[in-house]
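The sequence and structure are shown first.

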Amino acid sequence: RAAARPALPVPPAQVEAANREANRPVQDTPDLAAKQAELLRALDNLKAERDRALGELATLQQQHAVLAASHSRHVTALADSEHHLTVARGEVADLVAERAGLQAELMAARADLETMQAALQRAQLHAAFLDSLTNTNGQKIKILVDEVTVLPENPNLEMRFATKLAALKEEGCSGPELAERYVYHACHHDLVEKIAREGLRLPTCNLCDRGIKDGRHDAGWYGIHTKGVYVSKHADYTF
């Protein structure tokens, strides 16, 4: 078994030298001072960058506030515009419906006007017919108008009429000779549609068939038929 050895005493001078060495201040080396200065500069740069970033952040926050306010105004304006658009669409729909109603009323009014014009024309024809009566036969014949029918327009006959009217003007006719008036012709009911389609034909006689054009033609009830068609200004005379 080993016995413990007692510690050897340290000389006081050695202890004092060790204490002085331990308490001696550490002197900065040139490399350490340069690094410390570089770190300080970097720290200052970081602080400066932080300040700039904070300034830019404040500016961005202000711009964001302005944009948010502008956006809010635009949203409100858009909502108002959509409301006005909805109201306008409703008004347009009402106007369209009103226009359709007015068009329907106009069509009905036109139909009524055409009906009244047709009735007026028939009344005028009826009155002209009655005014043309001469009562040549006295009380022997009583004329009653059962119906007045207005035939449809015939463009071909209208053109022929206009051409003849222009020719009469060139021949020197004027005044009463060119005045339009009602004339009458009696025929079988079955011939009315054909006359309306083709017009009245010039009557002929045996002399006409033989090419004779002198004054020996039969004057007949209506006058010399080579001068015109069988018509009369008196309706009862044609009967």
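Which side chain of opposite charge is nearest to the buried residue D236, and how far away is it? In this predicted model, the nearest such side chain is that of K233, at 11 Å. D236 is therefore without a salt bridge although it is buried, since a salt bridge requires a side-chain nitrogen of Lys or Arg within 4 Å of a carboxyl oxygen of Asp or Glu. The residue belongs to helix α6, which spans residues 235-238. Its side chain does have a polar atom 2.8 Å from the backbone nitrogen of T134.

**Confidence of the model**

The protein has a mean pLDDT of 81, and 73% of its residues reach 70 or more. Confidence is lowest in helix α1 (residues 12-23), where the mean is 64. Helix α3 has the highest value, with a mean of 92.

**Salt bridges**

How many salt bridges does a search of the whole structure find? The search returns two. One joins the side chains of D51 and R50, and the other joins those of R197 and E198. The nitrogen-to-oxygen distances are listed below.

| Salt bridge | Distance, N to O |
|---|---|
| D51 and R50 | 3.6 Å |
| R197 and E198 | 3.8 Å |

In the pair formed by D51 and R50, D51 is partly exposed at 44% relative accessibility, and R50 is partly exposed with a relative accessible area of 49%. In the other pair, R197 is partly exposed at 46%, and E198 is likewise partly exposed, at 37%. By contrast, D236 is buried and has no salt bridge.

**The aromatic pair**

One aromatic pair is found in a search of the whole structure. It consists of F129 and Y184, whose ring centres are 5.8 Å apart. The ring planes stand at 75 degrees to each other, so the pair is classed as edge-to-face. Which parts of the chain does this pair tie together? F129 is located in helix α2 (residues 30-132), whereas Y184 sits in the loop between α3 (155-170) and α4 (192-198). The pair therefore links parts that are 55 residues apart in sequence. Both partners are buried: F129 has a relative accessibility of 14%, and Y184 has one of 15%.

N154 is found in the loop between α2 and α3. Is this residue buried or exposed? With a relative accessibility of 16%, N154 counts as buried, because the buried class covers values under 20%. When neighbours within four places in sequence are set aside, N154 is in contact with A196 and R197. R197 is also the residue whose side chain forms a salt bridge with E198.

V192 is placed in helix α4. At 33% relative accessibility, V192 is partly exposed. Which residues does V192 touch, not counting those up to four places away in sequence? They are L151 and C187. V192 and L151 are 41 residues apart along the chain, and their C-alpha atoms are separated by 9.3 Å.

**Summary**

The charged pairs described here, D51 with R50 and R197 with E198, are salt bridges. The aromatic pair F129 and Y184 has an edge-to-face arrangement. D236 is a buried residue with no salt bridge, and a polar atom of its side chain lies 2.8 Å from the backbone nitrogen of T134.

Note on methods: Residues numbered from 1 in each chain as written. Predicted model: local features only at pLDDT ≥ 70, side-chain atom pairs only at ≥ 80, totals over all residues. Heavy atoms only, no water. Helix = DSSP H or I, 4+ residues; strand = E, 2+ residues; numbered from the N terminus. Buried < 20%, exposed > 50% of the residue type's maximum accessible area, 1.4 Å probe, protein only. Lys, Arg positive; Asp, Glu negative; His and termini not counted. Polar contact = N/O pair within 3.5 Å; in protein donor to acceptor, adjacent residues only side chain to side chain. Phe/Tyr/Trp six-rings, centres within 6.5 Å; stacked < 30°, edge-to-face > 60°. Contact = heavy atoms within 4.5 Å. pLDDT = per-residue confidence, 0-100.
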